[in-house]
Amino acid sequence: MEMVGWILPAVLVALILLLLYLYGTWTYTKWRKYNIPGPAPVPFLGNMMDILKKGLFNASLDWRRKYGKTFGVYFMRESMLLTNDLDIIKEVFLKDFSNFTERSNVPRRTAPYPLNLSVVFTMGDNWRRIRHTMTPTFSTGRLKLMGRYISRCCDNLSSAFQRLTEKQELADVKRIFGAYTIDVIAGTAFGLETDSLVRENNPFLKAIVKMFQKSKTLGWRSAFLTLFPFLSPVLLLLRLSDAPTEEVNNVVRLIDQLIDDRRKNGDNERVDLLHLLLEAEASEADIAAKPQDRQLTRVEIIAQSMLIFIAGYETTATTLHYMTYLLALNPNKQEKLYNEIIAAIGDAPPTYENVMNIKYLDNVIRETLRSFPPVPLIGRRAVEARTIKGVHIEAGSCIGVPLYAFTHDEETFSDPDKFIPERFDDKDMPTVISELAFGMGPRQCIGMRLALYEAKMAAVTIIRRFRFIKVPETPMMITFRRSTLSSPEKPILLGVEPRK
């Protein structure tokens, strides 16, 4: 009888373990079914162990070398087709965009309210309306009007490097450019005049930085939904999947207060992004009556304002700090850039008109983005099944481009580990390659032109005044932190000296 008493519990435990194992592995037959190669998955975790060990940048590069241009991986139980094949990329992101309109979301990320109402996370008609409304905000004319904010921040940036040269201190370029980009966004987005390198106690900027740091982590909700996507409705019902964090709530309150102040004071002279978005403010009833018009609710305006900070803060700072690093390691390229800038504009103040047309400067920025793309992956989700170049993509499947693997593919870029800005002089290079870091097609990063503008303004300002130098503390090779962005494990320290 005692033996019989424990058999039933043992059988139940074994059955539960078997069901759990089957649940954690049954999605892993997908790529075998379509004869698509890829790394072997681990139950429940898929290929996440490789990513946790190496980071997505290095893992995707290793997979490309081992499995070819197109291969299948698993983020926990979620499958994703990764490809470096330019023909497939063009088909998905450009030619057949109507079937790949949604951004892929693997691992599943649960944006907190109201950030989930931003143009990145919305879909369908709401996405089209928000994108249509925001696009004029980044027109050439509007960007030129924002030049005074960027010029002021460039002056602060130049002063910061001047102080370092006077003290003969090394430059932690990520910290310096991080302060520059957050000041640029504070000005261009909200009309705030800040100098984060001198005064770091601005409550608005502190709240924004805390929110950004929080947003970089995957979080338990994302991991939980990736493992158990069928419980998404339950989390929504319990307000757990989109519940805002304290950091998000703080930012929402501050932006809300800025809007109230503007409405109260009748400030109609501003040319910042918030003012331009407020021109499109409408009620939900008005939007429902005329969904084709350029209109946003107040909550959607707050969501876009938050997104502008999150999307523009670290990515541009990352680009600038890698740019100075690469120029320090390649002094001949740095001098060529300096000479090109002087030849183009001399000592004239940098403006939208003169910095955007310096070809070698554009090459340097593009080559920096190729060498160190700020984000590791861009992707789309299929509405209907497709077969492209013999590769079958099921309806609902995600397909992505591992940017670091693509930009270091020897079949696309010769000598991919070398810094060669001149490669972008090739007139036959497809635009899709030169702009890949910003995405492609109708869902390309809406702030791309602003990001390039502020990066080029900063580059002209500092390269004309300073020379960046490799020092013993400067790493010769970059190893990445295992995070969602291309952050180096150790700070990049450079020497700086004034030009004579």
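**View 1. Strand β4 pairs with strand β10.** β4 covers residues 171-172 and β10 covers residues 493-498. The two run antiparallel and share two bridges; strands count as paired if DSSP finds at least two bridges between them. A171 stands opposite L494 of β10. Strands here are DSSP runs (E, at least two residues), as are helices (H or I, at least four), numbered from the N terminus. The model is predicted: local features need pLDDT of at least 70, side-chain atom pairs count only at pLDDT 80 or more, and totals for chains, interfaces and linings use all residues. Residues are numbered from 1 along each chain as its sequence is written, and side-chain values use heavy atoms, with hydrogens and water left out.

**View 2. Strand β9 also pairs with β10.** β9 spans residues 466-469. Its pairing with β10 is antiparallel, over four bridges. F466 stands opposite P498 in β10.

**View 3. Helix α16 has a buried face.** K333, Q334, L337, I341 and I345 are its buried residues (under 20% relative accessible area; exposed is over 50%, partly exposed in between; 1.4 Å probe, protein chains only).

**View 4. Around helix α16.** The cover over its buried residues includes α15 (298-329), α17 (352-355), α18 (359-371), α21 (448-465) and β9; contact means heavy atoms within 4.5 Å. The face turned away from the buried side carries exposed N332 and A343. Just after α16, G346 takes a positive phi of about 60 degrees.

Technical notes:
The arc is that of the directions from the helix axis to the C-beta atoms.
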